[in-house]
Amino acid sequence: MKETESTRMYERYLAVRLHLEGRTLTEIGDILGRSFPAISGYWNAYRKQGVQGLEFGEYPGGIRKLSDEQEERLKETIAKQRPVDVGFEAKYTWTLKIIRAWILREFGEKYTLKGISKMLNRLGFSYTKATYTLVRANKEEQKQFREVTLPELKEQLNQGEIDHLLFEDESMIRAYLALQYNWFPKGQQRKIPTHGEHKGAKLFAAIDYETGRVTHREEEKFDAAAFGRFLIDILQAYPKGKLVMVLDNAHTHHADEIQPFLRENPRLQLVFLPKYSPELNPVEGLWKWLKQDVVNNVFFHKYYVIRTHVAAFMKRVNQSPLELIDRLLVRA
């Protein structure tokens with residue numbers, strides 16, 4: 001439900017979830033404003049084929065217009081090129097209309113927009129929002145980290161040469177954060193109060209790559225002294241064994257004040273990510289999760305209320321580490 005960008009698919013997932021939680025099909029129809037046959041159809045499709053059964057399929061008896069080779073060429077074109085690269089001037093995003101025009105031009109086949117959407121779903125595409133990447137990032141350094149550094153650290157962990165592999169990052173949780181879409185009565189809009197100030201909690205966190213355990217600390221500043229206190233927390237949380245902490249290149253992580261502490265505690269080693277590579281740090285996903293589940297669409301009148309929410313979130317995450325591993329670490 002969190003991953004889909006389709007409101008229609010979200011509704012189907014929600015219908016199944018509500019029925020699994022004990023709601024009757026009639027109740028679900030009333031909640032979603034759908035007929036009983038529609039809700040019953042969702043449930044029967046799920047019961048027969050699982051989540052895959054809820055996906056939009058071809059019309060019964062429908063005839064495929066493109067051959068396997070043509071569909072493969074379509075997939076390659078959308079995945080690896082932009083419209084402007086294949087002759088659509090000043091067009092940089094694949095839309096249903098542009099894909100329809102490309103198919104007509106290349107293969108002479110006409111499709112409706114709905115037909116294009118169904119085919120793309122069948123071919124493994126989804127309608128997703130683009131994301132930013134930092135242009136100053138060094139691709140070769142990132143590749144080196146993914147293909148050499150991280151696998152070597154994992155192997156050292158497996159062989160017992162290091163005892164704990166941690167990923168660390170910092171984030172600020174403001175008194176009010178991004179407004180997100182949410183369910184609300186039609187014709188009304190949820191209003192979030194604000195006093196316009198940018199107060200919040202400054203957080204340090206480290207994720208244990210092997211166990212999913214999160215260690216966090218709240219501070220008033222992001223400076224070397226605060227980072228040093230967090231490193232003390234880490235050593236107390238892991239009183240024995242060699243620790244390797246992977247983190248970004250923030251100046252506080254390289255500060256002169258930190259070096260004596262590292263020399264005095266040689267069992268803690270810092271390994272730095274390539275510059276401008278937040279996507280390589282799974283703690284970034286933890287911050288996104290925290291903001292989505294706990295603090296977005298909420299206004300906190302007092303600082304201590306933010307701290308309470310953050311602490312409750314961290315406690316819940318540590319009570320279900322397998323969820324964190326599945327969500328943040330499986331592909332790391």
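Visitor: Is Trp 102 buried or exposed?
Guide: Trp 102 counts as buried, because its relative accessibility is 2%. Keep in mind that this is a predicted model.

Visitor: And what about Phe 107, buried or exposed?
Guide: Phe 107 comes out at 16% relative accessibility, so this residue counts as buried. The cut-off for buried is under 20%.

Visitor: Let's go over to Trp 43 and Tyr 46. Which helix are they in?
Guide: Both lie in helix H3, which covers residues 36-49. Trp 43 and Tyr 46 are three residues apart there, about one turn of the helix.

Visitor: Which class does Trp 43 fall into, buried or exposed?
Guide: Trp 43 has 18% relative accessibility and therefore counts as buried.

Visitor: How does Tyr 46 count at 25%?
Guide: Tyr 46 counts as partly exposed, because 25% relative accessibility falls between the cut-offs of 20% and 50%.

Visitor: Back to Trp 102 and Phe 107, what kind of aromatic pair do they form?
Guide: Trp 102 and Phe 107 form an edge-to-face pair, with 5.4 Å centre to centre and 90° between the planes.

Visitor: How many aromatic pairs are there?
Guide: The count is seven aromatic pairs. Among them is the pair of Trp 43 and Tyr 46, which is tilted, with centres 5.7 Å apart and planes at 35°.

Visitor: Which residues do ring pairs link into a cluster?
Guide: That cluster is made of Phe 204, Phe 222, Phe 227 and Phe 230.

Visitor: What about charges, which ring does the charged end of Lys 65 sit over?
Guide: The charged end of Lys 65 sits over the ring of Tyr 111, 4.9 Å from the ring centre. For Arg 213, the charged end sits over the ring of Tyr 238, also at 4.9 Å from the centre.

Visitor: New topic, helix H7. Where is its kink centred?
Guide: The kink in H7 is centred on Phe 145 and is about 40°. Phe 145 is also one of the buried residues of H7, and so are Gln 142, Leu 150, Leu 153 and Leu 157.

Visitor: How far apart are the end C-alpha atoms of H7?
Guide: They are 27 Å apart. H7 has 20 residues, 139-158, so at 1.5 Å a residue it should span 28 Å, which agrees.

Visitor: What happens at the start of H7?
Guide: A side-chain oxygen of Asn 138 comes within 2.9 Å of the backbone nitrogen of Glu 140.

Visitor: And which residue just after H7 takes a positive phi?
Guide: Gly 160 does, with a phi of about 80°.

Notes
Residues numbered from 1 in each chain as written. Predicted model: local features only at pLDDT ≥ 70, side-chain atom pairs only at ≥ 80, totals over all residues. Heavy atoms only, no water. Helix = DSSP H or I, 4+ residues; strand = E, 2+ residues; numbered from the N terminus. Expected span 1.5 Å × (residues − 1). Bend = angle between axes of the 7 residues up to and from the residue. Buried < 20%, exposed > 50% of the residue type's maximum accessible area, 1.4 Å probe, protein only. Polar contact = N/O pair within 3.5 Å; in protein donor to acceptor, adjacent residues only side chain to side chain. Phe/Tyr/Trp six-rings, centres within 6.5 Å; stacked < 30°, edge-to-face > 60°. Lys NZ or Arg CZ within 6 Å of the ring centre and 35° of its normal.
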